[in-house]
Amino acid sequence: MRKKCKVMRKKCKVMRKKCKVFKKVLTFVLSYVIIENVKRQRVGGGNGVKKKPSLLIPSETKFLSNKNISDRLYVWILLNGEKDGVDTYIDKKPVNGYKKLGISYRTFYKKLKELVENNYLEDCGYAYRVVTDNFEFSRLIYKNIAETLYQTGIDNIIKVYIYLGTLYSSYGKKAYFTFNKLSEDIGYLSKRSVEVKKNMENIISKLEELGLVKCYKDTECGERYHVRYKIAYVKSDLKGDKND
């Protein structure tokens, strides 16, 4: 019996050692799985699915309401600039930049200077660096959305999309606008001209055509220019969900 007990004790010791080894291995495996999941989430999504490339666009008043700041030029820089880590650089004299935007040489560099003076670009000697750490407010939009809006060739369409997206995110079903207020907030201060209103209408129509925005007439508040429009939705992707 004593011999059997000794044998049993030895077996128990062996089993305990094996259990300890198993626990260590299990702990290591679990730790590895957790770390890998965290890495995947940082890269852009659980289940190993990467997030779609996005661009950070200012949504602050200083950017939206300054009619001299070109939204298309800003997005063109983000799309065509040279990446260095989290930073984006653009040559001070990009080859045929003005032609690609469909504007004159003089206008291109005038608008480039406006971005520098408003601290959206930093002079780094040989190039400009896109400054993104001083925004009061900003919005991430998918790269394919930015490309689509840029390619329309319509000035201020990106600003309007961001403006409406911000309104919808903030107020949901209670979000609405007037063409008068929209025009002022996009930089056409106190300009109630037929041309400005038509430009805003064309932008809204194009956004609706792309399936990104849906608005409808809600309540008339006096003269025709002050007709209020309710925002039914603003989509965050061409085939995606509405903004939260």
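Cys124 is partly exposed, with a relative accessible area of 28%. In this predicted model, Cys215 provides the contrast, for its relative accessible area of 9% makes Cys215 buried. The cut-off that separates the two residues is 20% relative accessible area, under which a residue counts as buried. A disulfide is a covalent bond between the sulfur atoms of two cysteines. With the criterion of sulfur atoms within 2.5 Å, the count of disulfides comes to zero.

The chain as a whole may be considered next. The protein chain holds nine helices and nine strands. Of its 244 residues, 36% are buried. When contacts between residues at least 6 apart in sequence are considered, 63% of them join residues at least 24 apart.

Ile90 has Tyr128 of strand 5 as its bridge partner.

Asn96 occupies the loop between strand 3 and helix 4 (97-101). The phi angle of Asn96 is near 55°, a positive value in a residue other than glycine. Asn96 counts as partly exposed, at 36% relative accessibility. Asn119, in turn, lies in the loop between helix 5 (105-117) and strand 4. Although Asn119 is not a glycine, its phi is positive, at about 65°. With a relative accessible area of 45%, Asn119 is partly exposed.

A further open sheet has three strands in the order 7-9-8, again with antiparallel pairing. Its edge strands are strand 7 (176-178) and strand 8 (213-217), each of which pairs on one side only. The twist from one strand to the next averages 35° in this sheet. Strand 8 pairs with strand 9 (residues 228-234) in the antiparallel sense, over five bridges. Cys215, the buried cysteine described above, has Ile231 of strand 9 as its bridge partner.

Two helices lie across strands of this sheet. Helix 7 lies across strand 7, strand 8 and strand 9, running at about 85° to strand 9. Helix 9 (residues 194-209) lies across strand 7 and strand 8, and its direction makes an angle of about 125° with strand 8.

The largest nonpolar core contains 54 residues, of which Leu164, Phe177 and Leu207 touch the most other members. Helix 7 (residues 157-171) gives the most to this core, with nine residues. Residues up to four places away in sequence being left out, Leu164 touches Phe177, Ile204, Leu207, Val213, Ile231 and Val234. Ile231, one of these contacts of Leu164, is the bridge partner of Cys215.

Apart from neighbours within four places in sequence, Tyr176 is in contact with Leu167, Arg228, Tyr229, Lys230 and Ile231. Tyr176 and Tyr216 are separated by 40 residues in sequence, and their C-alpha atoms are 9.3 Å apart in space.

Technical notes
Residues numbered from 1 in each chain as written. Predicted model: local features only at pLDDT ≥ 70, side-chain atom pairs only at ≥ 80, totals over all residues. Heavy atoms only, no water. Pairing = 2+ DSSP bridges. Helix = DSSP H or I, 4+ residues; strand = E, 2+ residues; numbered from the N terminus. Buried < 20%, exposed > 50% of the residue type's maximum accessible area, 1.4 Å probe, protein only. Core = buried A, V, L, I, M, F, W, Y, C linked by side-chain atoms within 4.5 Å. Contact = heavy atoms within 4.5 Å. Axes fitted to C-alpha atoms, helices over the stretch in contact; angles between N-to-C directions.
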